[in-house]
Amino acid sequence: MRYERQELLIGQEGQQKLQQSAVAIIGIGALGTVATELLARSGIGTLILIDRDVIELSNLQRQTLFDEADVGRSKAVVAKEKIAQINLDVKVKTHAIHLNSENISVIKEANIILDCTDNMNTRFLINDFCRKNKIIWIYGAAIKTYGYAMPIFPEGPCLQCFTENASLETCDTVGVINMATTSIAALQSSLAVKILLQEKVEPSLYHYDVWNQEFKKLYIKQKEKCPTCNKMYVFLDQKENDEIKTVKFCGSGRYHVSGNINFEEVKTRIKGTCDGETIQTDKFLLFKDGRALIKANSEEEAISIYSRYIGN
Ligand SMILES: [Zn+2]
């Protein structure tokens with residue numbers, strides 16, 4: 001009875017296929033909460049949820065699986081609890097980790113991977129990993145009033161084919177409406193379900209602006225010199241320490257975190273007081289060489305603030 005309405009469209013055989021499938025969702029935020037809920041209600045057999053963050057009050061505007069009582073708790077863990085209330089048929093595995101080149105193999109058992117992250121570094125890592133292991137993944141991003149989704153197949157164009165130095169804008173600096181994030185997550189989820197049902201899906205980049213009612217299908221050409229398509233997996237070979245590292249706890253809730261940044265670029269994005277050498281905001285003090293003194297309650301939170309506001 002549970003899947004009656006859906007089976008009218010995909011048949012019992014289709015429903016069984018979904019029940020035998022595993023989907024990994026990377027990032028349980030604005031896109032990830034919606035995708036997780038839709039896929040769980042659709043009856044996907046196994047969901048692998050990955051997120052290092054804790055729930056904040058400012059997440060509730062768009063992260064639909066969470067409510068006020070969840071603030072301060074792990075996103076991956078709370079998502080698992082909510083799914084257990086929605087559909088006990090779904091097996092949920094959680095990893096409250098910062099995905100990197102050393103632990104990314106936790107997603108290997110998935111038939112398909114949904115990118116619901118908010119940063120390009122993780123996306124390029126997923127891109128390398130999926131190409132190398134011949135796994136289909138679905139890129140997704142939403143910002144302001146619009147977003148993009150694209151199914152990326154082992155043989156077709158990849159993320160590196162069309163983004164070299166993608167914009168470092170994130171929701172934390174420019175904002176987003178929840179109708180944009182839910183629409184893009186729904187689009188990613190439908191692409192995933194269609195692929196799991198072995199229906200034909202074009203490897204196009206889909207753009208949707210929910211505020212201005214524009215839907216576009218963009219044709220992406222595979223780039224001849226694309227490193228990933230030429231089996232040069234730079235992000236997969238990168239060690240975690242090359243990216244961001246916590247230097248030390250500096251007492252009274254302050255962490256010293258360092259990373260590789262382009263100070264001039266960061267300066268144009270961040271609203272803060274800049275004296276040429278540092279940028280001061282209410283959350284952190286950033287130095288020109290990529291070091292930052294961050295107010296946080298844990299090492300994870302400090303790294304999270306660094307990657308979201310400063311970049312990685
Ligand atoms: Zn490529």
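Guide: Let us begin with I310, which is in helix α11. This is a predicted model, in which local features need pLDDT of at least 70, side-chain atom pairs count only at pLDDT 80 or more, and totals for chains, interfaces and linings use all residues. Residues are numbered from 1 along each chain as its sequence is written.

Visitor: Why is I310 called buried?

Guide: A residue is buried if 20 or more other C-beta atoms lie within 10 Å of its own, exposed if 12 or fewer, and partly exposed in between, with C-beta atoms placed from the backbone. I310 has 24 other C-beta atoms within 10 Å, and therefore it is buried.

Visitor: Which residues is I310 in contact with, leaving aside its neighbours within four places in sequence?

Guide: They are G259, I261, V266, L286 and A292. Two residues are in contact if their C-beta atoms, placed from the backbone, lie within 7 Å. A separate value concerns N262, which is 48 residues from I310 in sequence and 9.5 Å from I310 in space, C-alpha to C-alpha.

Visitor: What makes E300 count as partly exposed?

Guide: E300 has 18 C-beta neighbours inside 10 Å, and so it counts as partly exposed. This residue lies in helix α11, residues 299–310. Helices (H or I, at least four residues) and strands (E, at least two) are DSSP runs, numbered from the N terminus. Between the C-alpha atoms of E300 and D53 there are 7.4 Å in space, although the two are 247 residues apart in sequence.

Visitor: How do you know that N230 is exposed?

Guide: N230 has 12 other C-beta atoms within 10 Å, so it is exposed. Its place is the loop between β8 and α8. R131 is 99 residues from N230 in sequence, and their C-alpha atoms are 9.9 Å apart.

Visitor: What makes Y219 exposed?

Guide: The count for Y219 is 9 other C-beta atoms within 10 Å, and therefore Y219 is exposed. Y219 also lies in the loop between β8 and α8, the latter being residues 234–237.

Visitor: Why are α2 and α7 called oblique to each other?

Guide: The axes of α2 (residues 30–42) and α7 (residues 178–196) come within 8 Å and cross at roughly 45 degrees. Axes are lines fitted to C-alpha atoms, for helices over the stretch in contact, and angles run from 0 to 180 degrees between N-to-C directions. Angles under 35 degrees count as roughly parallel, over 145 as roughly antiparallel, 65 to 115 as roughly perpendicular and the rest as oblique. The two helices are therefore oblique to each other. Residues of α2 that make the contact include L31, V34 and L38, and those of α7 include I184, A185 and V193. The residues of this contact divide into 10 nonpolar, 5 polar and no charged. Here Ala, Val, Leu, Ile, Met, Phe, Trp, Tyr, Cys and Pro count as nonpolar, Asp, Glu, Lys and Arg as charged, and the others, Gly among them, as polar.

Visitor: What makes α2 roughly parallel to α3?

Guide: α2 and α3 (residues 75–86) pack at an angle of about 30 degrees, with their axes 10 Å apart. That angle makes α2 roughly parallel to α3. In this pair T33, T36, E37, A40 and R41 of α2 meet A79, I83 and I86 of α3. The residues of the contact divide into 4 nonpolar, 2 polar and 2 charged.
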